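Biologist: I would like to learn how to read a two-chain model. Please take the features one at a time.

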Amino acid sequence: MSFPFPFWSLGGEHRTLGLAVAVLFGIGFGFVLERAGFGRARKLAGQFYGRDMTVLKVMFTGIATAMLGALILSGAGLLDLAAVQLRYPTYLWPMVVGGLVLGVGFVVSGYCPGTSVVATASGKLDGLATVAGTMVGAVAYSELEPALGAFPDSGKLGVLTLPQWLGLPAPVVAAAVVAVAACAFLAAGRIERLLAARGQDPADAPPGPQDRRYRSSQSGGVAAVSRSPG
Amino acid sequence: MRRGPDTFWNPYLAGIALGLVLLATYLVMGHGLGASAASYRLGVAALETVAPAHVHGVPALAALVRDRPPLDNWLVFEVLGVVVGGALGAWTSGRLGGEVARGPTFGAGRRLALAVSGGVLMGFAARLARGCTSGQALSGGALLSVGSWAFMLSVFAGGYAAAYFVRRQWR
């Protein structure tokens with residue numbers, strides 16, 4: 001059950017190989033994000049205006065998939081789940097405040113740190129600007145850290161999982177996560193359709209069959225090709 | 001099959017693919033994916049080039065460069081892969097090309113200013129929260145970490161709270 005390339009003890013020859021494997025995982029990650037549409041700020045930001053809930057759908061499906069896979073592989077003795085969870089301790093208050101601030105930065109920039117890299121790779125200058133800002137902000141944190149006192153370590157709960165916290169078996173919590181995700185997907189679809197039907201601003205609605213004017217004016221022949229059925 | 005720059009994968013299939021990449025990373029590396037740590041290390045490396053004395057004077061920065069060069073880290077290499085994978089995905093779908101993503105009536109300069117500002121906020125926040133949407137919400141969330149879920153819900157809350165004030169950049 002040991003990890004082939006544990007990131008924390010890569011050494012010597014093995015280290016070079018491990019870093020090459022890391023590049024491969026990154027390629028998979030970046031490719032999937034790009035194909036999901038996450039290289040486009042407008043699509044990502046659409047999550048926060050209700051017009052395009054792709055972020056929610058991709059993210060929660062991804063979480064549910066990896067969660068179920070990890071539970072199954074752990075149950076089969078193929079994954080040391082506790083060892084991976086050890087890398088994700090909870091510091092409640094800095095995580096809540098950090099999440100709020102990151103959410104504001106997300107909607108302001110139109111990207112999250114990972115998707116800004118994907119946008120940069122696909123040629124978006126605003127993606128590059130976001131990456132540059134992220135570098136500055138992260139270094140600024142280190143400069144200002146002494147002034148934050150004990151706050152970054154506040155709400156320290158150690159390695160705490162939802163099943164432990166709720167006192168429920170992990171499969172029950174996993175089933176609940178899947179059920180909540182399914183409900184969120186249904187609600188997201190409704191909100192998208194509602195806003196598209198209202199169609200206040202053609203540029204605000206997700207492109208659909210009813211948006212002939214918007215699509216054809218934006219991308220001409222390509223839109224006609226991409227809409228042909230089959 | 002539909003093709004073209006405005007066609008994306010079905011979000012649920014993309015999510016399953018994302019989950020499988022993450023699962024493979026858990027299995028092989030014993031760790032999830034990440035993004036902001038690479039930006040941080042790139043920033044530290046840049047600062048070390050222009051102001052090495054300053055880097056060694058700030059405790060957190062000095063600790064990062066003490067044993068190895070800041071870029072000699074698995075997350076930096078993973079994000080290098082993200083650049084390659086992102087470019088591959090864009091190139092093979094006709095989405096590769098220089099532009100500033102924005103609404104038709106919003107100026108490119110103002111849009112870039114917002115992009116930098118949002119980036120600064122996210123860089124700071126990701127360090128405070130010990131991870132971003134990739135390294136904390138996605139990777140820790142799938143492991144059912146309480147802190148990762150608190151972080152994720154807070155990200156959505158922060159985004160929805162601020163969305164109204166920056167809506168014009170997409171008009």
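What follows goes from the numbering to the contact between the chains, a helix and the core.

Modeller: This is a predicted model: local features need pLDDT of at least 70, side-chain atom pairs count only at pLDDT 80 or more, and totals for chains, interfaces and linings use all residues. Residues are numbered from 1 along each chain as its sequence is written, and chains are lettered from A and ligands numbered from 1 in the order in which they are written.

Biologist: What is the span of helix α1 of chain B?

Modeller: Helices are DSSP runs (H or I, at least four residues), numbered from the N terminus. The expected span is 1.5 Å times one less than the number of residues. α1 of chain B covers residues 11–29 and reaches 26 Å between its first and last C-alpha, close to the expected 27 Å. Just after α1(B), B:Gly30 has a positive phi of about 70°.

Biologist: Which residues does B:Leu22 touch?

Modeller: Leaving out residues up to four places away in sequence, B:Leu22 touches A:Gly62, A:Ala66, B:Gly32, B:Leu33, B:Leu138, B:Ser139 and B:Ala142.

Biologist: How many residues does the largest nonpolar core have?

Modeller: A nonpolar core joins buried Ala, Val, Leu, Ile, Met, Phe, Trp, Tyr and Cys residues through C-beta atoms within 7 Å; buried means 20 or more other C-beta atoms within 10 Å of a residue's own. The largest has 115 residues, and B:Leu22 is among those with the most contacts inside it. In chain A, 47% of the 230 residues count as buried.

Methods: A residue is buried if 20 or more other C-beta atoms lie within 10 Å of its own, exposed if 12 or fewer, and partly exposed in between; C-beta atoms are placed from the backbone. Two residues are in contact if their C-beta atoms, placed from the backbone, lie within 7 Å. Helices (H or I, at least four residues) and strands (E, at least two) are DSSP runs, numbered from the N terminus.
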